[in-house]
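Here is a short briefing on one protein structure. Please keep the sequence and the 3D view at hand.

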Amino acid sequence: MDAQMTEATAAEKVEDIEIRLLLEALFLKYHYDFRNYAMASIKRRLKKAREQLGFETISAMQEGLLHDQAMLPQLLRFLTVQVSEMFRDPSYFQAIREKVVPHLRTYPSLKVWIAGCSSGEELYSLVILFREEGLEDRTIFYATDISHEALEAAEAGVYALDRIQLFTENHRKSGGKSSLSDYYQAAYGKALFDKTLRRHVVFSDHSLVTDAVFAEMHLISCRNVMIYFDRALQDRAVGLFKDSLARKGFLGLGAKENLRFSLHADAFTDFVREEKIYQRRVE
């Protein structure tokens, strides 16, 4: 038993080395930096990638990545989590509608950043909310992600029709003031969201790991992204948000995220504690 455990431990250590070398290669060749993502999450995703892409080892996958650029988007699909839904956690959007929007109404123009927008569900949720509250026309929405494929999906605004029932129920629970069906057309098992929802949207590549700030944002929504970062990377991201927010701007995080232990916690106050919505302090 001891010999078996020793062998398993040694194999795990080798795999850890392989993973770190692959992440270093990914950064040096393609400038995608996953080196400070939570290791447990990265290991799960790379194991799934290795199995589904048909590689014997992580090292073999690294060799493929270095010599075949076509493998990059395949690997990124496993490393970037693209799972979301419209009006996910409806109480979060209800809090924005009822408590944040009254403050945003006082500005003649607004900037909203959806960081890690995935395939666009959160973006469209906020645009619809702002349209219903009469704020859309004075707002620029910045939708960013590190995945080109995610951004293309977000810009297309096409979702499987069998997801719409959940989206509709979430919208209703969030305090929606119209029918979600007003915003899409259904055909061939797909729902195509109205292109007018994208008229004030800027889609852009952006990495919370390596890129700089978006200035003077009034609301930043970055949910269920930082749970995949280690502590140092979480601190970098929160610092980026702090520097990107206008005075008294708002930051919304996911249900499992908070600023309690962040180096930048003192820069924020709890605005809606139960929904993880924070407000930038005035310095």
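The points below cover cysteines, a helix contact and aromatic rings. The model is predicted. It holds zero disulfides. The count of aromatic pairs comes to 14.

**Cysteines**
- The sulfur of Cys-117 has its closest cysteine sulfur in Cys-222, 11 Å away.
- A disulfide needs the two sulfur atoms within 2.5 Å, so 11 Å is too far for a bond.
- Cys-117 is buried, at 2% relative accessibility.
- Cys-222 is buried as well, at 0%.

**Helix 3 and helix 4**
- Helix 3 spans residues 58-67, and helix 4 spans residues 71-79.
- Their axes lie 8 Å apart, at an angle of about 130°.
- The two helices are therefore oblique to each other.
- Helix 3 brings Met-61, Gly-64 and Leu-65 to the contact, where they meet Met-71, Leu-72 and Leu-75 of helix 4.
- Five of the contact residues are nonpolar, one is polar and none is charged.

**Aromatic rings**
- Phe-87 and Phe-93 have ring centres 5.2 Å apart and planes at 65°, so this pair is edge-to-face.
- Phe-87 is buried, at 0% relative accessibility.
- Phe-93 is also buried, at 0%.
- Tyr-159 and Phe-167 form another edge-to-face pair, with 6.1 Å between centres and 80° between planes.
- Tyr-159 is buried, with a relative accessible area of 4%.
- Phe-167 counts as buried at 0%.
- Tyr-159 and Phe-167 also belong to a cluster linked by ring pairs, together with Tyr-124, Tyr-184 and Phe-193.

Conventions:
Residues are numbered from 1 along each chain as its sequence is written. This is a predicted model: local features need pLDDT of at least 70, side-chain atom pairs count only at pLDDT 80 or more; totals for chains, interfaces and linings use all residues. Side-chain values use heavy atoms; hydrogens and water are left out. Buried means under 20% relative accessible area, exposed over 50%, partly exposed in between (1.4 Å probe, protein chains only). Axes are lines fitted to C-alpha atoms, for helices over the stretch in contact, and angles run from 0 to 180 degrees between N-to-C directions. Helices (H or I, at least four residues) and strands (E, at least two) are DSSP runs, numbered from the N terminus. Angles under 35 degrees count as roughly parallel, over 145 as roughly antiparallel, 65 to 115 as roughly perpendicular and the rest as oblique. Contact means heavy atoms within 4.5 Å. Ala, Val, Leu, Ile, Met, Phe, Trp, Tyr, Cys and Pro count as nonpolar, Asp, Glu, Lys and Arg as charged, and the others, Gly among them, as polar. Rings of Phe, Tyr and Trp (its six-membered ring) pair if their centres lie within 6.5 Å; planes under 30 degrees apart count as stacked, over 60 as edge-to-face and the rest as tilted.
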